[in-house]
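Please look over the sequence and the model first.

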Amino acid sequence: MSVLEVAGLEVRYGDLTAVDGVALSLAEGETLAVLGANGAGKSTLLAALAGTHLPASGQVLLDGEPVTRLPAHRRVRRGIALVPEGRRIFGSLSVEENLLMGRFPKRDGPWDLRAVYDMFPLVAEMKDRRGGVLSGGQQQAVAIGRALLANPRVLLLDEVSLGLAPTVVAQLYDAVRRITAEGTTALVVEQDLDQALSVADRVQCLLGGRTVLEAPAAGLDRDTVADAYFGITRSPRPDPTEA
Amino acid sequence: MDWLNAGVQGVLLGGQYALLACGLSLIFGVMRIVNLAHGVLAVLAAYLSLVLVQRGLPLWLAVVVVVPVFAALGYAMQRGLFNPALAQVGGSDRSTSRSASRSASRSAGELAPLLVSFGVAVALTNLLQEVFSADTRKIPTGGLASAGVPLGELSVGVLPLITLAVAVAVIALVQLFLARTATGRAMRAVADDAGAAAMMGVDPKHMYAVATALAFATLALAGVFVGMSTQFSPGYGELVLLFAFEAVIIGGLGSLWGTLAGGVVLGLAQTIGAQIDPQSGVLAGHLVFLAVLVVRPGGLMPRSVPA
Amino acid sequence: MTGPTPPATPPTTAPTVTRGGRGSWAGGGAMLLVVVLLAAVVPYAVTLGALSSLVMLFALVILGTTWNLLAGYGGMVSVGQQAYVGVGGYALIQLADAVGAPPWAAVLAAGLVGAAIALPTSYLVFRLAGGYFAIGTWVVAEVFRLVTMQIDGLGGGAGLSLSAFRGTDPVERVAFVYWFALALMVAVVLGTCLLMRSRVGLGLTAIRDDRVAASSLGVAVDRGRRLVYVAGSAGAALAGALIALSTLGVTPGSIYSVNWTAAMIFIVVVGGIGTIEGPIVGAVLYWVLQQALAPLGTWYLVVLGAVAVAVVLLAPRGLWGLAPARFELFPLTHHVRRPAVGATAPPVTGR
């Protein structure tokens, strides 16, 4: 049985349909990368999965149980943890307090403070610093650690690379690889193609709120992905001269 | 000597103001709401205690009853009135940390919490007036209010001393709660970013209501002390609100200890002002407040409030 | 030659932008009729007491319209406008009695006095924001009241009474005040409408909706907010002067009372915030309720407070918000009409 099962998901903002009938399925321990240009619906998809924006129709099943209409604060207790776009760590709390917020839902599992500090030693060094003074990369590490402390069934990562320098992004994705290697099921939304492909088992590409590509990551060539990303179809054009 | 007396009285009075301001500061810190009914609610607590004492309850028991009742009232008001009002601020999407102003051009929108609290203030003040009339009352304390402790040549009131001690204790306890407990941490998280806190399992609506419950508990305690030391009437709620607010601003937003300092400054301004002209104590306090606003708008102990 | 040709683009006509329309003309006509009736017919049909009561209604409209300017268009909730109601009242009596100005000039001058005091005050209160701004304005109002009571020349705690009308026939006095109040109300409402229709008004709406965005577009944000505060306060002063004129005196407790703000908030919120029509509707409702609930004493304020809370939570657009969305009496909103797409297109040529 898949850990996460999504069917016919439709998410709207007023009149705008941002996610239009998307389906996906995540098996235990798998990492799925969801790709797409801005406005393709990736972040909205994550918002619907995390419960911060409820869908108009469709289903989200976690370990077979429907969670579609659960509000965000109840979803994390069930085991869906989101690392949100833009980090959104708590500026006035210290790093350690930020991490401890991950313990709020009181879910047991392999991740505790020690494990997170082992994974991110630089974070451990800054544990008493206020969240608001950290750099973007440091905040991202804290945000990931915070979500890990909730010992989620599914870890959702939204645009980890956003606004960060390539070296920082590489370090973060090193950590993500180590996290998924330990068996964590993850869904990664990313605009950085290389990093996404390096960490994923499977890839799903969205365009205009719909899935336009689904494939295993191994052996996937960049051009295929790029075409799907931009919605380029390379089928031959009909000859207008033919009567 | 009179000046020294005024000084001591002022410092002690500051304790009362700081205790009053505690709840106002807490609610603003957590959810950026200014509760304009704050003052009249303190007066309500005083009236409630008065009624209980008149029915024969010992004063300490009345306090023990009134404080939890007010905590429950605070929880209910937040969930019933202020949460729905907050939902109108920036639409229903309070899950973003940016203060996205999606003000509906033709609705009360982001003014809603303020307007709701003002409506409550007006309704409650006049309700109290109908029930209790505009006569001034005082909670009988069996001599506590007039007892004094000799300090050199001065006589320092026992009640004001107790009030100051209680104020310090309450502020310390609230700070401890916020800094050391999981719930306090969750409250600070919600204050920073309600949506992100929700992602961590904190129910913002519930947490706001817990904050308000805590604030109302301190408010009730403060109200009882006011009732014991002052002749109060329903209209006194207005002054209580202004004093609490002035203590917060003089002390600096975002710092409870600053509020204590602000309360003391306000108390001193009032008592020294009254030494100069018995009618002008309150005015002196207002003028000092305005002066602080001009000269040092961040207050005495400003803390950079995270946006 | 063969080859694909790009499709010809049909010429598009620009969309038209209008303001007002038939609804506005009809509404405007109806309002004109009401004003004419109030001016020419009502005074001869009702008692002197009723006329004085109507003067209060006109003052309430002015109060509501100007508070709406601050809150609905400026986004600033002031709980201290009673400061300027008081300033206006006292200024009127001083100008009419001590200086000897004719009553109509004294009222207008009282408005200017309000503006003059509001300008430096704005520098003070603008150091606060949001809810703390609200309480700050309340503190200022209290300071005004207490300082007024300290000044012996202003009658201390007992207040002042207006002697400018001594020796005038009461009918003449009430009639004069009534017509003047009606004219003043019409002027204030029209003035507010014109302000909001103007470029300044557009800037104000932008500031209210998003200060940063407005600033980035070149709108002078601080000046705009200050203008709103000063104009709104001048309006409150005009109303205060009118009230003093009609009631022939002021006491600090009544003219500086926070109940004026309670009235303003009820009027604007229940009537419909952010519209010109709303405060008018709200003022009428408040005035009617005040007469109807008068025998209940202060219970009516309890009811008013509760109703205001209910309206904010359940019907935030107020009574006027219940009207169909496009319907306006005062033509303020821009309506965009797009032409039909592809009206005329030349035939596609190919080959």
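The notes below cover the contact between two chains and then one pocket. The model is predicted. Chain A and chain B bury about 1900 Å² between them, and the second largest pocket has a volume of about 840 Å³.

**Contact between chain A and chain B**

- Chain A brings 20 residues to the contact, and chain B brings 23 residues.
- Of the area buried between chain A and chain B, 63% lies on carbon and sulfur atoms.
- There are 2 salt bridges between chain A and chain B.
- A salt bridge joins the side chains of Arg88(A) and Asp193(B), at 2.7 Å from N to O.

**The side of chain A that touches chain B**

- At least two residues of this side come from each of α2 (72-78), α3 (95-100) and α6 (136-148) of chain A.
- The element that gives the most is α2(A), with 4 residues.
- By type, the residues of this side are 11 nonpolar, 5 polar and 4 charged.

**The second largest pocket**

- The lining of this pocket is made of 30 residues.
- Nearest the centre of the pocket lie Gly28(C), Met31(C), Leu32(C), Val35(C) and Phe330(C).
- Two or more lining residues come from each of α1 (22-45), α2 (48-73), α6 (170-197) and α12 (277-293) of chain C.
- With 9 residues, α1(C) gives the most to the lining.
- The lining consists of 23 nonpolar, 5 polar and 2 charged residues.

Key. Residues are numbered from 1 along each chain as its sequence is written. Chains are lettered from A and ligands numbered from 1 in the order in which they are written. This is a predicted model: local features need pLDDT of at least 70, side-chain atom pairs count only at pLDDT 80 or more; totals for chains, interfaces and linings use all residues. Side-chain values use heavy atoms; hydrogens and water are left out. On a 1 Å grid over the protein atoms alone, a cavity is a set of points where a 1.4 Å probe fits but cannot get out, and a pocket is an open set with protein on both sides within 12 Å along at least five of seven lines; lining residues have an atom within 4 Å of a point. Grid points are joined across faces, edges and corners, and a volume is the space filled by probe spheres set on the points. Ala, Val, Leu, Ile, Met, Phe, Trp, Tyr, Cys and Pro count as nonpolar, Asp, Glu, Lys and Arg as charged, and the others, Gly among them, as polar. Contact means heavy atoms within 4.5 Å. Buried area is the accessible area (1.4 Å probe) that two parts lose on being put together, summed over both. A salt bridge is a side-chain nitrogen of Lys or Arg within 4 Å of a carboxyl oxygen of Asp or Glu.
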